[in-house]
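Biologist: Please take a close look at the charged side-chain pairs in this model. Then tell me about the surface beyond them.

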Amino acid sequence: MAAIFQKFTMKTLVFLLLLTAFPRGRTQEDEDEIEELQVQTLVKPETCSTLSSMGDTLQIHYTGKLMDGKVIDSSLSRDPLVVELGKRTVIPGLEQSLVGVCEGQKIKVTIPPHLAYGKKGYPPTIPGDAPLEFEVEVISLSQQTPWQKMVNDVFHLMCLALVPTLLGLVGLYLYKKANAQKQNKKKAKDKKGKKK
């Protein structure tokens, strides 16, 4: 019994030594991971009377990089990218960072993986779980008109009402068509019965 206890305590002692030898909890690498969207203003114009909001259209120049500095994409050699906020034409983190900016503003955005390309990444350029860094310059800002805002707000509701209405009309048409065929067959049987 003493031998088993001694063996057990020896195994326990070795296990505890191994546990203390390896760092527990978060490592320095884990602490460096970006979990939240970070927006830093690099240049802000002196006059900023209009801030962007959802539904507005922006023209931007951008340079996207991995955290090691490798450039993954840039619009500097092309026409500015047109982004309509709320239409999901760019990754979510970039779209969120463009809300509340003004024309002529330059920002630096650090985007966590879940607001960029996620676990899958965008092979071969962007590895999975990669945070991204963008430098963005807002070239122009066009606010949506009240008419556009109303159409954007009401259009979704109209679609929600339109789909059940169309399904109901199709169902009614098919029901009437099926009943008409039954009545035609019944009339044809009645005519055959009268001829005999």
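Modeller: A salt bridge here is a side-chain nitrogen of Lys or Arg within 4 Å of a carboxyl oxygen of Asp or Glu. Keep in mind that this is a predicted model. Side chains of opposite charge can pair when their charged atoms come close. By the 4 Å rule, the count comes to 2 salt bridges.

Start with Arg-78 and Asp-73. Their closest N and O atoms are 3.4 Å apart, so the pair qualifies as a salt bridge under the within 4 Å cut-off. Arg-78 is partly exposed, at 43% relative accessibility. Asp-73 is also partly exposed, with a relative accessible area of 30%.

Now the other pair. The side chains of Glu-133 and Lys-108 form a salt bridge, at 3.9 Å from N to O. This pair links distant parts of the chain, 25 residues apart. Glu-133 sits in strand β6, residues 132–142. Lys-108 belongs to strand β5, residues 106–111. Glu-133 has 17% relative accessibility; buried means under 20%, so Glu-133 counts as buried. Lys-108 has a relative accessible area of 24% and is partly exposed.

Beyond the charged pairs, there is a nonpolar patch on the surface. Its members are Trp-147, Met-150, Val-151, Val-154, Phe-155 and Met-158. Together they have about 610 Å² of accessible area. Take Met-150 from that patch. Met-150 lies in helix α4, which covers residues 146–195. Its relative accessible area is 41%, so Met-150 falls between the 20% and 50% limits and is partly exposed.

Notes: Residues are numbered from 1 along each chain as its sequence is written. This is a predicted model: local features need pLDDT of at least 70, side-chain atom pairs count only at pLDDT 80 or more; totals for chains, interfaces and linings use all residues. Side-chain values use heavy atoms; hydrogens and water are left out. Buried means under 20% relative accessible area, exposed over 50%, partly exposed in between (1.4 Å probe, protein chains only). Helices (H or I, at least four residues) and strands (E, at least two) are DSSP runs, numbered from the N terminus. Patches are made of residues with over 30% relative accessible area and no salt bridge: like charges are joined within 9 Å, nonpolar side chains (Val, Leu, Ile, Met, Phe, Trp, Tyr) within 5 Å. Accessible areas come from the Shrake-Rupley method with a 1.4 Å probe; for residues, only the protein chains shown count as cover.
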